[in-house]
Amino acid sequence: MSEERGVYELRLGLYASQEEAEKIKERVAALLCPDPDHAPPCPVPWSMLLLSEDHLDEPDAYAELVEQAKIEGRPQP
């Protein structure tokens, strides 16, 4: 396996309210950096961005997720 490094993007689609999405974002950040008070830098540099459906490049990117939520009877966020 090559030791060459680069940037990778991990996308996670959520059917959630703004509050639920923020809580999940905080939990993911804690996985990436379990000690936010450590001396810099992080062993693996990372950043995170939370986008609403209105700001997606592909508006229908998560159409299957929305359909699944409707079938399961989940309330609209």
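Exposed means over 50% relative accessible area, and partly exposed lies between that and the buried limit of under 20%. The exercises below use a predicted model.

**Exercise 1.** Is glutamate 19 buried or exposed?

Solution. Take its relative accessibility, 55%. The cut-off for exposed is over 50%. Glutamate 19 therefore counts as exposed.

**Exercise 2.** Which residue forms a salt bridge with glutamate 19, and how far apart are the closest N and O atoms?

Solution. Start with the partner: lysine 23. The closest N and O atoms are 3.4 Å apart. A salt bridge needs a Lys or Arg side-chain nitrogen within 4 Å of a carboxyl oxygen of Asp or Glu, so the pair qualifies. Last, check lysine 23: its relative accessible area is 48%, so lysine 23 is partly exposed.

**Exercise 3.** How many salt bridges does the structure hold? Describe the one made by arginine 11.

Solution. The count is two. Arginine 11 pairs with glutamate 9 through their side chains, at 2.7 Å from N to O. Arginine 11 has 58% relative accessibility, so arginine 11 is exposed. Glutamate 9 has 64%, so glutamate 9 is exposed too.

**Exercise 4.** Where does glutamate 53 lie? Is glutamate 53 buried or exposed?

Solution. Find the loop between α1 and α2 (63-71); glutamate 53 sits there. Its relative accessibility is 54%, so glutamate 53 is exposed. Then look along the chain to glycine 13, 40 residues away. The C-alpha atoms of glutamate 53 and glycine 13 are 9.6 Å apart.

Key: Residues are numbered from 1 along each chain as its sequence is written. This is a predicted model: local features need pLDDT of at least 70, side-chain atom pairs count only at pLDDT 80 or more; totals for chains, interfaces and linings use all residues. Side-chain values use heavy atoms; hydrogens and water are left out. Buried means under 20% relative accessible area, exposed over 50%, partly exposed in between (1.4 Å probe, protein chains only). Helices (H or I, at least four residues) and strands (E, at least two) are DSSP runs, numbered from the N terminus.
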